[in-house]
Structure formats: structure tokens, C-alpha cells
Amino acid sequence: MPGSDLSIVPLTPSLGAEISGIDLSGDLDEATVQAIQDALMDYLVVFFRDQALDLDQLSAFGRRFGLPHTHPAEPDVPGYPGVLKIHTDASSKTYSGRKWHSDVTCDAEPPMGSILHLHQVPASGGDTLFANMYAAYEALSAPLRQMLDGLTAVHGSEHNFRGYYGTPDEDLRDGMFPESRHPVVRRHPVTGREALFVNEIFTLRIEELSTAESEALLNLLYEHINEPRFHCRFRWQANSVAFWDNRSAQHLALWDYYPETRSGHRFTIQGDRPV
Ligand code: SIN
């Protein structure tokens, strides 16, 4: 283990680990970056406390793991490619991450990971839940897994992004709302493990099935993903960081702290085409 103080403490048996003994604002050596990457592969989401990062430091940390991802509809924080503002206060009407999802799966190459830093948190509440998509897949019966292995899902964005961001069509990243087809079960490019890859925010339908069959199967899978045995729940403090792998985990943010403010930034990392 590089860096004599680095320690990793799992959050639940299913996923999540808190890493301490690292200052993310500094120049990290290769061995430390590799240790974080290895922990991310093992635990699917890793957490850090007491990291007073500014946007330059958050971006620099994120870029150690990949290039910044450009969101199709939400503008970056000016001057910071890949950085989105995550903010809710008394004037908010809705919020990001209100259903189980992995990020931006409407893209042909959805982000591999996301790093969220919150600098302001409510007195209580505002937790984020994470779910292990390897475990959810492996817990299904063999005949159902076999059926899912051959299926493709359509992931869209207009239904979700048009009203939410209100970005005029000419300002969208590609001049349109992306829609992509992905396998219902994807193989993780690093671990080689299979993970469920449908989610409540972006997945529209399963291509090979009738509308009724697709709806019933997706609802069954969403209920399954929602089982607490696949989850961990992260309680934020000011200057906590969560770094999740969008290829193997989903997340759900809770808005149970109205009218308090919860505020921070997310650096999103480019990914590759799911197979
Ligand atoms: C998101 O979906 O990226 C938001 C997560 C959160 O606010 O906890």
C-alpha cells in the first residue's frame, strides 16, 4: 500500500469503502492513483473525508483517472470542462439523481466514473445510496440471466433533460438529445465481470420485447436493484468526496432536507462503449 497512512474501510459487504490518509488536493504519485483505482474496482464507490477542494483541484484529481466528459444538455461550470454544479436550496423545484441510475447512459459512450465533492451539506439528510450491479445480476436466477444476456436496451434523454435543464436545442452538445442502445448486461472493461446495465432515469425499453413485456421486465429489474442487500448509504459531511464507477454501480440521491441547501460539484470522466 503506497503512502504509509492510506487505509481503506468497507462501508457494507456489498459495496463502498472509505479511504483515509490521502490529501486529494496535492500531487498524487502513480502508486496512490493506482491504489485508488484498485479500490474503486474492488468496492465500486470510494469515499474521502475532509477534502477542501477548489475546482482546479477537483478537476486535476479527476483527470488522473480520465478525460472530462461533456454533458449533452447541462453546461459545464465555465472554465472547467467536465465539471457540473450539483445544488439544491429552498428555491429548487427538483434535483439531480432522484431515481436509481448510472450517469448519462443515453450517451453511446457513457461516463466511466463520477467524482462528487460537496462543500455545503444540510444538518441532516441528503445521503446518497449506491447499488452493486454485479451483485444484482449475479443474484438473478440462471434462466433469467441467460435471457437478459441476449437483450439490448434503448437509453434516451429528451424525456429527462428537456424540462429539467431547459437548454435550447441549439446549445445542446450535439444539437440534439442523445439516444443509444446498450446491452442489458455489460461486461466491465477492467474486471471482466458482468453487471446489470438498465436504469430508471434513462432506459426507455428493451428492444427485442413487446412494450408490455419490456415494461414488466424493466419493473422487475428495478424492484430487484432496489433491494437493500445490494446497497450502501453514504452520509455526507462538508468536504466529503464520493467517486463511483458508473459501469458497475448505480446511485440515488435523497432530497429529504428541504428547504436547506446542499451544494457541490461533480467531475465526470469519459467512458467507453458498453459491450
Ligand atoms: C448525481 O446523480 O450525480 C447526484 C448525486 C448526489 O447529489 O448525491
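Select R235 and D127 to begin: their side chains meet in a salt bridge, with 3.4 Å from N to O. The term salt bridge denotes a side-chain nitrogen of Lys or Arg within 4 Å of a carboxyl oxygen of Asp or Glu. R235 belongs to the loop between β12 (231-234) and β13 (240-245), and D127 to the loop between β5 (113-120) and β6 (128-132), so the pair ties together parts that are 108 residues apart in sequence. Strands (E, at least two residues) and helices (H or I, at least four) are DSSP runs, numbered from the N terminus.

The model is predicted: local features need pLDDT of at least 70, side-chain atom pairs count only at pLDDT 80 or more, and totals for chains, interfaces and linings use all residues. Residues are numbered from 1 along each chain as its sequence is written, and side-chain values use heavy atoms, with hydrogens and water left out.

Keep the pair selected and display its surface. Is R235 buried or exposed? R235 counts as exposed, at 52% relative accessibility, whereas D127 counts as buried, at 2%. Here buried means under 20% relative accessible area, exposed means over 50%, and partly exposed lies in between (1.4 Å probe, protein chains only).

Next, select D272 and R186, whose side chains form a salt bridge of 3.7 Å, N to O. This pair links distant parts of the chain, as D272 lies in the segment after β15 (262-269) and R186 in strand β9 (residues 185-187), 86 residues apart. D272 is partly exposed, with a relative accessible area of 34%, while R186 is buried, at 2%.

Proceed to D174 and R173, a salt bridge in which the closest N and O atoms are 2.9 Å apart. Both D174, at 43%, and R173, at 31%, are partly exposed. In the whole structure, a search finds 15 salt bridges.

Now turn to the nonpolar cores, each a set of buried Ala, Val, Leu, Ile, Met, Phe, Trp, Tyr and Cys residues joined through side-chain atoms within 4.5 Å. The largest has 40 residues, and F130, L148, V184 and L196 touch the most other members. Helix α6 (residues 211-225) gives the most to this core, with 5 residues.

Finally, select L6, I36, V46 and V77, which are among the 26 residues of another core, apart from the largest one.
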